[in-house]
Amino acid sequence: MALSTAADLIDAPLLYKGKVRELYDLGEHYLIVVTDRISAFDYVLEPPVPEKGNVLNRLSSFWFDKTKHIIDNHVVHTDVDQLGAVVKDRELLKDRIMVTRKAERIDIECVVRGYITGGGWRQYEQTGEINGIPLPEGMRKNERFPAPLFTPAAKNDVGHDEDISLDRMKDLVGVELTGALEQKSLELYEFARAYCEERGIILADCKFEFGLIDGKLILIDEIFTPDASRFWAKENYELDVEIDSMDKEPVRSYLAASDWDKNSTPAPLPADVVAETTARYTDILKRLTAPS
């Protein structure tokens, strides 16, 4: 059963409803519920994609545990049974909840790029740079960088996040915090890239969110999921092409090939597109969490 919202299943105040996640107030902690909603081109689509929320939450939990030696995170627990009467349907919500500490969010999206693709490639084509970082001439689409690039964005709750330079980030959050965020982002990326490569997966790029608790920097939100990372199967890697990524690519491809005008709510997704998208999400979960 796909879940569009948990609002009727949680006996706690709903603080925030994002495109996928819902944030509830438990007093001392937050409760994050990951729904099966799916978005593309800034629209939340219908119908929701079965298993998507379960995959995102389980992967985040997996990676938060894997990376806690690099940086602490906001997770308290992911055990639905500890929530008692707050949850009205434990079976439906058991794999999609995360109880977290309350952190002050840092309004910077920390993006690390290991390969020149996506929005980074589009910037390079136009300017020869990414976020103000000059790059060599003649780079090819999907080429691996000699060293990963840290390319931050200023977070906007409405509209698109804004790509910014490192100097602009220093103006916004200070030199010391900028340095810490860059260092931890690059450490996290390098750790996950090596892990993924052992499993036949290329981690092309990813994004992180961080927060502060009593002045201490911690990792929040989600980490190394198909919604926050670009995964490529090694066998699909090529230069100068659009590589089919291991995420909601079936949805993006379907919409791009349709006659949708991108200025109005699109029609419901066909059943085969939904099923293929579910398969993508469950496949990446298995490939990343199966014993090596």
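F224 is buried, with a relative accessible area of 0%; here buried means under 20% relative accessible area, exposed over 50% and partly exposed in between, using a 1.4 Å probe and protein chains only. W63 is buried too, again with a relative accessible area of 0%. This is a predicted model, so local features need pLDDT of at least 70 and side-chain atom pairs count only at pLDDT 80 or more, while totals for chains, interfaces and linings use all residues. Residues are numbered from 1 along each chain as its sequence is written, and side-chain values use heavy atoms, with hydrogens and water left out.

On to the rings. A search of the whole structure turns up twelve aromatic pairs. For the bookkeeping, rings of Phe, Tyr and Trp (its six-membered ring) pair if their centres lie within 6.5 Å, and planes under 30 degrees apart count as stacked, over 60 as edge-to-face and the rest as tilted. W63 and F224 make one of these pairs, edge-to-face, at 4.9 Å centre to centre and with 65° between the planes. W63 sits in helix α1 (residues 52-66) and F224 in the loop between β16 (216-220) and β17 (229-233), so the pair ties together parts that are 161 residues apart in sequence. The element labels come from DSSP runs, numbered from the N terminus: helices are H or I with at least four residues, strands are E with at least two. W63 and F224 also belong to one aromatic cluster along with F62, Y195, F208 and F210.

Charges show up over rings as well, counted when NZ of Lys or CZ of Arg is within 6 Å of the ring centre and within 35 degrees of the ring normal. F41 has the charged end of K262 sitting over its ring, 5.1 Å from the centre.

Helix α1 also holds S60, which is buried at a relative accessible area of 2%. Leaving out residues up to four places away in sequence, S60 touches R21, M98, E222, I223 and T225, where contact means heavy atoms within 4.5 Å. As a whole, α1 lies across β2, β3 (29-34), β6 and β7 (97-101), running at about 40° to β7. Axes are lines fitted to C-alpha atoms, for helices over the stretch in contact, and angles run from 0 to 180 degrees between N-to-C directions.

The strands under discussion form an open sheet of five, in the order β1-β2-β3-β7-β6, with antiparallel pairing. At the edges are β1 and β6 (75-77), each pairing on one side only. From one strand to the next, the twist averages 30°. Pairing requires that DSSP finds at least two bridges between two strands; β1 (residues 14-17) and β2 (residues 21-25) are joined by three, and they run antiparallel. The two form a hairpin with three residues between them. Within it, K17 stands opposite E22, and Y16 has L23 as its bridge partner in β2.

Next comes helix α3 (residues 118-127), where G118, G120, W121, Q123 and Y124 are buried. Those buried residues pack against β9 (108-115), β10 (129-130), β14 (162-163) and β17. Just after α3, G128 takes a positive phi of about 75°.

Which helix packs with α6 at an angle of about 150°? That is α7 (residues 271-289), with the two axes 8 Å apart. The two helices are therefore roughly antiparallel to each other, given that angles under 35 degrees count as roughly parallel, over 145 as roughly antiparallel, 65 to 115 as roughly perpendicular and the rest as oblique.

The loop between β17 and α6 (249-257) carries E238, which counts as partly exposed at 46% relative accessibility. Setting aside neighbours within four places in sequence, E238 is in contact with N142 and I243. The C-alpha atoms of E238 and E143 are separated by 8.6 Å, although the two residues are 95 apart along the chain.
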